[in-house]
Amino acid sequence: MSNAVVDRRALWRAFAASLSGTSLEWYDFAAYSVAAATIFGKLFFPGGDSLTATMLAFSTYAVGYVARPVGGLVFGRLGDVIGRKRVLVSTLLLTGFATVLIGVLPTYQDIGGTAAILLVCLRFVQGVGIGGEWGGAVLLSSEFGEPARRGFWASAAQVGPPVGNLLANGVLAVLGVALTEQQFESWGWRVAFLLSALLIAFGLWIRVRLEETPIFQELAARNEKPSAPVGELFRHEGRGLLAAVFARVCPDVHYALFTVFVLTYIQQLGMSRAVGMAAVLVGSAVQVVAIPAFGALSDRVNRRKVYLIAAIAAAIWPLVFFPAVAGKSVAAVFIGVIVALVIHSAMYGPQGAFVAEQFSVRLRYTGSSLAYTLAGVIGGAPAPLLFTALLAWTGTWPALAVYIAVTAVITVIGLALGRDAPAE
């Protein structure tokens, strides 16, 4: 592809659109994740012991990941055929619509088991929207910028999850402090989901004003858009897909441990969930700076090397974290979560560029979306369930550390299969 003079204003608008869109959608996703770890078990899956209710709530968390490949297939293909911008407006609307409906959903006490079914359906719709979001958001910012700085520009989409997590945890923490436990469980949790209506409106205002990316415009002008991008991808770029999928597994599982399951784990230690939520809040704030910093570092240092070092650190850190928090120290929880999220940033910052670079330009939306979503199914989707089951089975933490180590090995294999940035 040719390298035209970069329009700096358009580039920063694309960066903002990518960041704001993924932030808003991850606000929705993170609000659900926190609610699943704390109150959804009681509200939608009552009866039996609290562990069973929590696992059932986490199963709906997993549904959001299982739905992502549907979004990746549908929206990924459309993104390579009709363009990035139009697809990204659709994904934002889809996720926002599902989230607002969760905010008005009756609970088990109101309509019985139907409430859980509706919750699962809305969670599925959320997952479909996010499945089509990530690949396009990465391309939206990176395709306006210079290939030599793709690590930094692609990190705009990567900053979205911690910003969304920061917003969701912040809103839920404020509600948890301002309201009594009874008020929070009765109606307070709904406020976090209903607020997404305002956030989605803001995201749409930014995205509809954008132009299509220069790279896609050039593909369209040359009539080089693929007619069957999914088939082409599997026939010609299977190794890149495998590399990208494997590379994403450890970051997903690591993130699930230190932003979702940690809330359940410290409660079982006898600590307040507010401690865990506050630690995740601070760690997410650090990630807002750390992710683009590591993305920029990967433009100067070999991208795979930065990613590799971080994956090794991710395998080691649980061996430090779990013994440290066993003494129920608030400081240990904060330090442990913050360091864990910095390690995650070192994988996540370079990840957008690494994944995009595994595919040819004409198949990048499809390839990136499928890699993102398929990795979520084998990585992030079962993680909270497996963490909960392993802890219940063994009664202690070493099995959790082994699980993380296995995912780190998978990610290292993906990095070995992958390639460095191709010439463009």
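Helices here are DSSP runs of H or I, at least four residues long, numbered from the N terminus. Gly 176 is partly exposed, at a relative accessible area of 36%. Buried means under 20% relative accessible area, exposed over 50%, and partly exposed in between (1.4 Å probe, protein chains only).

The model is predicted: local features need pLDDT of at least 70, side-chain atom pairs count only at pLDDT 80 or more, and totals for chains, interfaces and linings use all residues. Numbering runs from 1 along each chain as its sequence is written, and side-chain values use heavy atoms, with hydrogens and water left out.

Now show the largest nonpolar core, 118 residues in total. Such a core is a set of buried Ala, Val, Leu, Ile, Met, Phe, Trp, Tyr and Cys residues joined through side-chain atoms within 4.5 Å. Phe 40, Phe 44, Trp 189 and Phe 387 touch the most other members. Helix α13 (residues 238-268) gives the most to this core: 16 residues. A second, separate core has five residues, among them Leu 24 and Ile 200.

Move to Phe 387. Beyond its neighbours within four places in sequence, Phe 387 contacts Val 253, Ala 256, Leu 257, Phe 261, Leu 400, Tyr 403 and Ile 404. Contact means heavy atoms within 4.5 Å.

Finish with α18 and α19. In α18, Leu 386 and Leu 390 are among the residues that meet a set in α19 including Ala 399 and Tyr 403.

Note on methods
Helix = DSSP H or I, 4+ residues; strand = E, 2+ residues; numbered from the N terminus.
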